Structure formats: structure tokens, C-alpha cells
Amino acid sequence: MSTTSIEKTEKHTTTTKTGVKKVMHGNYAASYGAKVARAEVIAAYPITPQSQVVEKIAEFTSSGEMKAQYIKVESEQSAMAALITASQTGARTFTATSAHGLTLMHELLMWASGARLPIVMVNVNRAMAPPWSVWAEHTDSIAQRDTGWMQFYCETSQEILDTIIQCYKVCEQEDIMLPALINEDAFYLSHTVEPVEVPHQELVDKYLPPFNPKPELTLNPDHPAVFGSLSKPDEWYPEFRWMIHEAMERAKKRIKDADSEFGKIFGRSYGGLLDLYKCDDAEVVLMCAGTLASTTREAIDELRNEGKKVGLARIRTFRPFPVEDIRALAEKVQAIGVMDRCFTFGYEGPFFTEVKGALYHANNKPKLKGYITGMGGRDVDVQLVKKIFADMYKVKDGKQDAETVWVDLKADVNNMNAWLKVR
Amino acid sequence: MGKLTIPEEEYMLEGHMGCLGCGGTLAMRYLLKGLGKDTILSIPACCWAIMMGSFPYTNLKVPMHNSAFEVTGAAISGIEAALKVKGKEHINVVGFAGDGGTIDIGFQALSGCVERGHNVFYVCYDNEAYMNTGIQRSGSTPVGAWTTTTPVGKTGDWKKAPKKNAVEIMVAHKIPYTATASVAYPEDYIKKVLKGKETKGPKYYQVLSPCPTGWKYPPEKTVEIGRLAVQTCIYPLYEVVNGRYNITFKPAKKKPVKEYFELQGRFRHLPEKVIEEIQQSVDKDWEILQRKVEMTKDL
Amino acid sequence: MKIEIKSMKDLPMLPKTLETTIGVYNTGAWRSAKPILHEDKCNKCYICWKFCPEPCIRIKDDKGNEITPKIDYFYCKGCGICANECPKKAIEMVMEA
């Protein structure tokens with residue numbers, strides 16, 4: 001898909017009260033998000049399938065449309081390092097990456113959260129090599145689970161753009177000051193073209209004030225201080241870490257508030273931490289993240305027509321993990337299935353593990369099963385999700401044959417849609 | 001200033017954790033005297049990350065960012081970009097790193113930063129090994145030196161590979177200003193820093209910072225050894241201004257490298273033959289440097 | 001200057017320093033040998049001040065007048081650079097008990 005063809009389609013626009021609707025792919029939605037959020041310093045390195053994000057931003061900065069400094073760094077490691085200092089100097093910062101770029105930044109991700117810097121990064125979820133793959137998988141971002149970053153998973157290109165704006169609003173709050181990772185599935189979102197509304201700048205400016213950290217918390221010769229120096233076991237390292245935890249917990253409500261306030265202004269919101277669809281009377285609920293959710297919605301609509309009481313609980317934030325929301329959901333539901341588009345070798349699907357863990361202390365513990373799907377970008381279609389729901393009904397009725405399974409593998413010529421038991 | 005040959009004001013304070021006679025502290029002290037108050041530093045993991053004191057104390061009167069080990073070049077790029085956005089480009093942006101964080105693990109970020117042409121200072125305090133982690137060899141360790149990873153032993157396992165010439169690598173990036181310095185010649189060093197303040201674009205300084213702990217000599221000899229390094233032409237003091245070479249200190253009488261080695265335990269084991277080879281190599285490099293001065297004088 | 005941090009409540013929200021090391025770290029306690037400046041030999045060239053790595057040699061009094069260098073023994077680690085560099089050999093390193 002060449003840039004020129006997208007340019008042509010972008011010229012066809014519709015203006016509404018809240019923004020300008022254009023047809024674009026998820027990557028450009030991310031670029032527009034950074035633009036209207038008025039990111040000030042961008043440092044990025046290209047990687048398939050993210051490259052268009054930074055190409056578009058380069059167009060914006062070169063044309064002067066976006067008043068930002070774009071550092072064309074020589075690696076992702078340097079990208080995050082440059083944003084850390086830029087943020088520490090008081091600038092609003094943005095970048096995008098994917099898979100190997102994200103994992104290359106791993107050390108620096110730890111630095112950003114420890115330094116309490118509200119950096120926003122879009123990650124195009126892509127499988128890790130070897131073998132080389134450029135297609136959708138969540139392993140790359142899940143592997144950053146422990147870095148202290150908030151993590152969002154987007155279902156639509158619109159959500160990518162909107163979440164960028166919402167994240168700055170949450171992250172830059174004085175008592176939050178944590179970075180956020182916004183994930184979009186490779187190709188399903190990054191390269192698929194759909195209508196996206198770019199919010200009017202004036203409305204975004206009203207919703208999102210400029211980044212204005214206290215001068216004594218920035219690199220500023222008028223307030224000389226050293227950031228990140230040695231902190232001993234007895235003198236405050238654990239306390240600094242506890243403060244990060246407190247901020248993450250505080251963020252739960254702030255994320256929900258930011259989402260609903262966004263909804264009031266722009267008419268779109270995304271369910272806060274856990275996005276529920278037809279769960280009120282559901283007997284069986286599937287949980288997943290990213291574009292798996294939109295396929296699941298279609299399956300649910302079909303099954304509902306057949307009289308099945310099924311629902312979707314989309315995990316929008318993996319960090320902070322929506323423990324309370326999941327426990328509340330569990331009050332009403334008999335069985336929960338969790339789809340993982342990733343796998344932790346030596347155990348099981350990480351989303352499944354975390355949901356299970358959250359429910360250990362819940363008042364009501366529904367039956368649980370984990371399903372590994374879509375690894376390496378393998379397509380998960382409506383039929384497959386319906387099969388998973390059917391299997392969940394067996395689980396609900398006490399006929400669970402496995403704790404967790406890996407679905408849709410070409411196991412042998414006689415079993416080309418195999419479901420293989422993990423445990 | 002009266003009879004003082006360097007600015008009086010201190011931006012580096014006493015009460016720091018540097019070893020007795022640390023050359024790296026002098027490298028910072030003189031740098032800040034040249035740069036002044038409107039300065040932001042970024043330093044990676046290195047001796048200096050510990051020297052300034054632990055939370056909540058600092059021995060500096062300028063702000064400083066601690067960064068991951070390998071990213072100094074990127075860190076200063078970020079500060080410079082943010083200052084541009086804020087309209088505060090008068091503030092000096094300085095990366096201050098050891099030789100490891102410059103020419104080994106930090107090399108990519110440094111190269112990328114100067115290639116992009118950021119308006120920053122990069123100062124490498126060269127103590128010629130990974131000192132903070134316990135004197136392991138670096139790309140900047142000179143031929144013949146003992147380190148904990150070239151521990152000589154019975155097989156003569158001293159550092160054999162030639163010292164990576166970071167200075168010439170920076171010159172090859174065609175940056176506007178590159179210079180060597182030694183803590184034994186603070187006037188020369190500070191003059192070069194002031195020149196850097198007048199120059200837009202990337203400025204690279206490599207400051208020889210003798211280390212009593214790692215080079216194995218009594219601490220009172222730090223300045224003396226820093227002086228001998230220049231007088232033997234092992235560490236010539238020169239600058240390259242837009243490709244034009246200029247030697248800023250020519251020793252009145254070039255001293256033999258043996259005098260330099262004799263003072264340091266890290267060279268104690270060197271056989272005569274190796275010292276002779278090193279002497280020839282130093283002589284050759286000094287000759288080449290002088291020719292470069294001649295070749296580029298009209299640039 | 002020393003600062004009291006009693007609990008988490010006194011911490012800044014991110015790890016940054018709050019004060020300088022002045023009066024905090026008694027690095028003079030590291031000394032084995034103490035530099036003694038013999039004023040009669042000193043010509044106030046201030047080379048000792050120039051090369052001190054701390055730096056803890058005072059060359060001006062509170063009113064800003066030039067003085068014979070005064071070593072601040074609270075910080076002086078006894079490295080001996082001043083003694084080694086003094087052109088008049090006015091500084092003597094004396095082993096401390």
C-alpha cells in the first residue's frame with residue numbers, strides 16, 4: 001500500500017462537530033494522535049510495521065504543521081533514551097515502535113517509569129523472531145509487563161488516536177507521572193484502512209492542557225539537582241518503588257475518568273479499563289485484547305441471535321490490571337474464557353494467568369479456561385471464536401477437559417485445525 | 001581573576017566520593033569552570049555516577065541526569081531537542097562519560113548524536129579502563145596495560161590491541177570541534193571549553209584523567225602523570241577545528257615513554273622490547289599528527 | 001547541607017537530590033597523611049588550589065581577600081597532589097596517628 005494512494009484517500013474528508021473524518025490506516029491514526037496531542041519531542045526509529053507512523057510525523061514536522069523536534073535516532077534504544085531526557089527537561093514526548101524495537105528498549109523502559117516520566121509510545125504488536133515474522137502477536141508488549149509502564153490494547157484505529165490523547169491527560173497528572181504503552185495489532189490495525197475521525201484541535205486543547213511539570217522536577221539550571229543518583233537499600237529505594245505502585249493504582253480511576261470525559265466531548269469512549277459487551281446477562285464471557293475483540297463481537301452477535309447468552313470483556317488496560325473490574329464481572333458470570341495472542345514458555349498464556357490470579361480472592365469464582373490463538377498473526381475468524389464459545393459452554397457445564405489449550409494448529413495432515421492441550 | 005590562571009568560581013563542590021587523587025574529578029571541575037551555571041549534564045553509569053554522592057545529596061551546582069550506560073549520546077540529543085522547543089538554547093548541553101561509556105558500549109549513541117549534528121558538548125573523561133566496575137579493560141586501554149581482564153599473569157596477557165582512537169573517529173564524523181585535554185593542563189582544557197561555547201554543533205573532548213586506583217600509582221602523582229603523558233607525546237594536546245589540526249601544546253623536550261611507564265604499576269611488567277615497540281609507535285603517531293597539522297593548515 | 005528525611009512522606013515524588021554534599025560527607029576521615037602548609041615558604045601562587053580534586057583549599061577569606069591557602073581538613077582526603085605540585089615545597093605530608 002503506497003503512501004500516495006493513502007494521500008489520495010485522505011483528501012476525501014467529512015467534517016463533523018467533533019472532528020474531521022478521513023479514511024486512514026492505524027499507523028496514520030497514531031501519527032494524527034501525536035499531532036493533535038501536540039507532542040513536542042519525537043525520537044523514533046523505523047521498523048515494520050510501524051514505519052508509516054514516523055513517516056507521517058516527519059511530514060507534519062517538516063511542513064511546520066506540527067511544532068515539534070523530531071530526532072531521527074540511530075536505534076530504538078537511543079529513541080527511548082532521548083525521550084527520557086527530553087521529558088525530564090519538560091517536553092511532551094512521543095514515539096512508536098514494534099516487537100524487536102520495543103524489546104531493544106527494554107532497559108530504557110524501566111528507566112522511564114523509575115524516573116516518573118509521562119512518555120507515550122505506540123507499539124505495533126508483532127511476533128518476535130526467530131523465525132522472522134511481521135504479523136500480529138502480543139508477546140512483545142507482554143514481555144514489558146514488569147517495566148512499570150501502563151499498557152493499553154486498542155481494538156480500532158480510532159481508539160489508537162483517542163487513547164494517545166487520553167494517555168497524555170492521565171500520565172501527565174502531577175500524582176501519576178508514569179509512561180504509557182499503547183498497543184495496536186500489526187496489519188489488522190496498522191495497515192488496514194478504515195474511517196477515523198481526527199478531533200478538532202480546539203476541542204483537544206480544551207481537554208488536554210499543555211505539559212507543565214513543576215520546574216524543580218525538571219532539568220533546569222535554576223533548580224540544580226541530580227536525577228536518578230544512587231539510592232541505598234536502607235535509604236529509600238523501596239519507598240520510591242512503592243510510590244510508583246501508588247501512582248499505578250491511582251491511575252485506574254483517572255483512566256476511567258479520562259475516558260468518560262473524552263466520551264462526553266467527542267462522543268466516543270472505550271470502557272475504561274475493561275470494555276464490556278453484552279455481559280449484563282451473560283452466562284459465558286470471553287476475555288481478550290486487541291483486534292481479537294472485534295471478531296469476538298461479531299461471533300457474539302451471531303450467537304445471541306441463536307439464543308446464547310454470551311459476552312465479551314475486552315482487556316483495555318493490561319497495566320494497571322483491572323482486578324476489581326474482573327472480580328465484579330465474575331459476580332454474575334458462570335464461565336470465563338481468556339484468549340491469549342501470546343504465550344509464556346514454561347507456563348501458559350499470560351493474560352489467562354493474570355485473570356486467574358485476579359480471581360483467586362474473588363467472592364465468586366467462575367470456571368476458567370485459557371485459549372492460545374492467533375500466534376504469529378494467524379487469522380482468528382468468527383467461526384473459530386464461535387468454536388471457542390461452544391467449548392466454553394462445555395466448561396460451564398462441568399465438562400472441562402483441559403485447563404488451557406493452544407487452538408488451530410496444523411498438527412498433522414489429519415488434524416489441520418488441532419487443539420493441543422497445554423495442561 | 002588576578003593571578004589565577006583559571007576561573008575562580010566552583011560548580012563542583014567538595015564532599016564527594018571520588019578516590020584520593022582522582023583525575024576524573026579534575027576533568028569535571030575544570031569543565032564546569034569553563035561552562036558556567038547555564039549547563040545541563042547527562043552522565044551514564046561510570047565512576048561519576050557514584051562520586052556525586054547518594055540520594056538526597058549532590059556535589060554539583062548544575063543539574064544532571066543519570067542515564068543508562070550506553071545512551072549518553074542519545075540522552076544529550078533529547079535534552080537539546082527539548083531546550084529548542086522551550087526556547088532555551090543558551091543552556092550548555094553536556095554529555096560526560098567515561099571511556100567505556102564513550103567508545104565501547106556508548107559508541108553507537110555518540111556516533112548517532114554527532115552525525116545528526118546536535119549542538120552539544122561530549123566530554124569523555126579517559127581513565128583508560130572500566131574503572132567503576134573494577135579496572136576492566138576498555139577499547140581505550142593503551143597497549144601494555146595491566147587491567148583485571150588483561151591481568152598479565154604468566155602468559156604476558158597485558159592489553160595487546162591498540163587504543164581505539166575515539167578522537168580521530170570523531171574527526172572523521174566531520175564535527176566542527178574536536179580536542180584532547182589533560183587534567184594536568186587546566187588552562188589549555190578550559191580554553192578549549194570556551195572555544196566550544198563559541199561553536200555551534202557537536203563538540204568532542206577527550207580528557208586524560210589519571211586514576212591512582214586503576215593505574216596503580218600513589219595518588220599525589222595524578223597531575224605529574226597527566227603532565228608526563230603530554231610531554232612524552234603519548235597523549236598529545238591538540239584540537240581539530242573544521243578539519244584543521246592544531247597542536248595546542250608542544251613539549252619543549254619530548255620525554256621517553258619509559259619515564260611515564262616507570263611511575264605506574266599497570267606497566268610494571270613490560271619487557272624492554274615492548275617498551276621499545278611502544279616508543280616507536282608513539283614516535284610514529286606524533287610524526288603523523290605533525291604532518292596532519294601541516295596538511296590541513298590552509299583549511 | 002544535611003537534610004532530614006524521616007519517612008516516605010519527606011521524599012520527592014521522583015528520585016532527585018535535594019541538597020549539596022557540603023557538611024554531609026566527612027571525607028577527611030579517609031586520610032592517612034595530612035598536608036601541612038608552611039606559610040613561611042608559601043608565595044600564594046595557588047597552584048595547590050588549582051589542582052585540588054575535592055576542591056577543599058580556600059584562597060579567599062569571608063570578605064573576599066586573598067589569603068595564604070587554607071586546607072579544609074573536614075574534606076581533605078590527603079591525596080598529596082598539592083604537596084607534589086607546590087613549586088616551593090611548602091606543603092608537607094604528615095602521617096596521621
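## Chat about the strands, helices and contacts

Q: How do strand 10 of chain A and strand 3 of chain B pair?
A: Strand 10 of chain A and strand 3 (residues 64-66) of chain B run parallel to one another, with two bridges between them. Two strands count as paired when DSSP finds at least two bridges between them. Helices (H or I, at least four residues) and strands (E, at least two) are DSSP runs, numbered from the N terminus.

Q: And which residue is the bridge partner of Val226(A) in strand 3 of chain B?
A: That's Met64(B).

Q: Before we go on, what kind of model is this?
A: It's a predicted model, where local features need pLDDT of at least 70 and side-chain atom pairs count only at pLDDT 80 or more, while totals for chains, interfaces and linings use all residues. As for labels, residues are numbered from 1 along each chain as its sequence is written, and chains are lettered from A and ligands numbered from 1 in the order in which they are written.

Q: OK. How many residues does each of chains A and B put into the contact?
A: Chain A gives 39 residues and chain B gives 37. Contact here puts the C-beta atoms of two residues, placed from the backbone, within 7 Å.

Q: Which element of chain A has the largest share of the side that touches chain B?
A: Helix 4 of chain A, with nine residues. By class, that side of chain A has 20 nonpolar, 13 polar and six charged residues. Nonpolar covers Ala, Val, Leu, Ile, Met, Phe, Trp, Tyr, Cys and Pro, charged covers Asp, Glu, Lys and Arg, and the others, Gly among them, are polar.

Q: Switching to the seven-stranded sheet in chain A: what's the strand order?
A: The order is 11-13-12-15-16-17-18, in an open sheet with mixed pairing. Strand 11 (274-277) and strand 18 (418-421) of chain A are at the edges with a single partner strand each, so one side of each has no neighbour in the sheet.

Q: How much are neighbouring strands turned against each other?
A: By 25° on average, ignoring direction. Axes are lines fitted to C-alpha atoms, for helices over the stretch in contact, and angles run from 0 to 180 degrees between N-to-C directions.

Q: What packs on that sheet?
A: Helix 13 (residues 350-359) of chain A does, and the strands it touches include strand 12 (284-288) and strand 15 (335-340) of chain A. The direction of helix 13 makes about 150° with that of strand 15 of chain A.

Q: How do strands 11 and 13 of chain A run, parallel or antiparallel?
A: Antiparallel, joined by four bridges. Arg314(A) in strand 13 is the bridge partner of Asp275(A).

Q: What about strand 17 of chain A, how many of its six residues are buried?
A: Five of the six, so strand 17 is largely enclosed by the rest of the structure. Buried is 20 or more other C-beta atoms within 10 Å of a residue's own, exposed is 12 or fewer, and partly exposed is in between, with C-beta atoms placed from the backbone.

Q: Let's do chain B. What does it contain in helices and strands?
A: Eleven helices and nine strands. Buried residues make up 59% of its 299 residues, and its C-alpha trace spans about 60 × 50 × 45 Å along the principal axes.

Q: How do helices 3 and 5 of chain B pack?
A: Helix 3 (residues 72-86) and helix 5 (residues 107-116) of chain B cross at about 35°, and their axes are 6 Å apart. Residues from helix 3 in that contact include Gly73(B) and Ile76(B), and Ala109(B) and Cys113(B) are among those from helix 5. The contact divides into five nonpolar, four polar and one charged residue.

Q: Last one, which peptide bonds around Pro130(A) are cis?
A: Ala129(A) to Pro130(A) is cis, with omega near -5°, and so is Pro130(A) to Pro131(A), with omega near -5°. Pro130(A) is in the loop between strand 6 (120-125) and helix 7 (139-142) of chain A. Most peptide bonds are trans.

Q: And what's the phi of Lys174(B)?
A: Near 60°, a positive value in a residue other than glycine. Lys174(B) is in the loop between helix 6 (166-172) and strand 6 (177-182) of chain B, and with 15 C-beta neighbours inside 10 Å it's partly exposed.
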